[in-house]
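I began with the cavities and their linings.

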Amino acid sequence: MKRRIYPFLCLLLALLTACAPPPNETRAAAVICRRPAAVAVSMVNDPDTDAGWGDFRCADLRDWDLSDMEEELFAADFDTRTQWPENLPGNFDPERLLELGKDPGLGLQALHEQGITGKGVGIAIIDQTLLVEHREYADRLRLYQEYHTAAEDGASAHGPAVASIALGETVGVAPEALLYFIADDVGTGTEGNFVRDMTYYAEDVDRLISLNETLPEGEKIRVISMSVGWTADTAGAEEIEAAIGRARKAGIAVICVNSRDPLLEPWMGMGRRRYGDPNERADCRPGAFWRESLYSGEYRGRDGSLLLVPMDRRTAASPAGAGEYACFAEGGMSWVVPYVAGLYALACQVEPEITYEEFLAAAQATANPISIWPEEGKEYPYGRVVDPAALLAGLKG
């Protein structure tokens, strides 16, 4: 008899592992990382686990009965190494979901076909460890360095995802941009002793500024993407903000999660219908992580002022192998930051002298308002969807 998953899920999924260089060393060339074997997951009826959430990446589900778990499956993450049972809910098609999620949306693929790809524009990313040989970006990786405990870790899920969202060959916003990547720690300590500290990231920003002075024209870094945020009392806050100021003074835009910065505050991510077209505004939906706050009146963009880019139901590079992908049902601001960095790279290709401030103004001037009506007669405006074609056309004009 096949085992049944109860509505409340508890997933014990083995972490992906990969090889890494010795501590305190850096690496700039590809490494060979061991592909993790598919793991059998253990699921129990756990009342403390939220219903409808799950992580099925690299999971072997062939012995499980998922036939009545449609809602939970649509809310779960999975990847190209997930092994599914023969019988799935009739409306759940993981292959179709994964392929739809590869499309960066907003009409970007049409712009790519016109040659607007970010070619020659440098995007630097500071994040977790990278699977350097992934086919989404390996041929355009110009720098890869690891510092502190990141030098001891295998490829993370986060690093490959943000890199591919920014400039992945098939899933990215700027598929011909150049990648400069530093893997580093966002704090000190481990687990219960972890303390958030932005000092290391500040040092990395300065490293990238110095590197950029040595790069030839046509390979310069124009934007740094950091999917992190902090508050005024976070350790290292003054250091990272001072480093960002130096980068901007040197002509490098910096995009991160920091609502205290007026240049970054307008951005937000949005969701999409299950099988909706990533290029159709009618198929856009409020983002999963903030949807309830929209209806409760707590959402900070309820005046419709925020600029929206795709965030949920995205497919990105997976650390499980050079040709593996993961589909994320729910995203976060970590996915928004590299998307915006990719858009800015496209703008830099179209108008090489553009500043980030001009780019932001053009995005705001050309974005289209969007609302949702969860019930008759009840409208909830939640932002304006970025229109890359109109944005770039305005720059060229």
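Which residues line the second largest cavity? I worked from a predicted model, and I found that the lining includes Leu-73, Phe-74, Ala-76, Phe-78, Phe-92, Leu-97 and Leu-100. Arg-272, Arg-274, Arg-313, Cys-327 and Ala-329 complete the list. I then looked up which elements give two or more residues to this lining, and these are helix H1 (70–74), strand E6 (76–79) and helix H2.

Entry on class and volume. I noted 9 nonpolar and 3 charged residues in the lining of the second largest cavity, with no polar residue. The space in this cavity is about 70 Å³.

Entry on the whole structure. I searched for cavities of 30 Å³ or more, and the search returned 4.

Entry on elements at the largest cavity. Helix H2 (94–102) and strand E14 (267–272) each supply at least two residues of its lining. Which element gives the most to this lining? I found that E14 does, with 3 residues. H2 also gives two or more residues to the lining of the second largest cavity.

Entry on class at the largest cavity. I noted 8 charged, 7 nonpolar and 3 polar residues in its lining.

Methods. Residues numbered from 1 in each chain as written. Predicted model: local features only at pLDDT ≥ 70, side-chain atom pairs only at ≥ 80, totals over all residues. Heavy atoms only, no water. 1 Å grid on protein atoms, 1.4 Å probe; cavity = no way out; pocket = protein on both sides within 12 Å on 5 of 7 lines; lining within 4 Å. Points joined across faces, edges and corners; volume = space filled by probe spheres on them. Helix = DSSP H or I, 4+ residues; strand = E, 2+ residues; numbered from the N terminus. Nonpolar A, V, L, I, M, F, W, Y, C, P; charged D, E, K, R; others polar.
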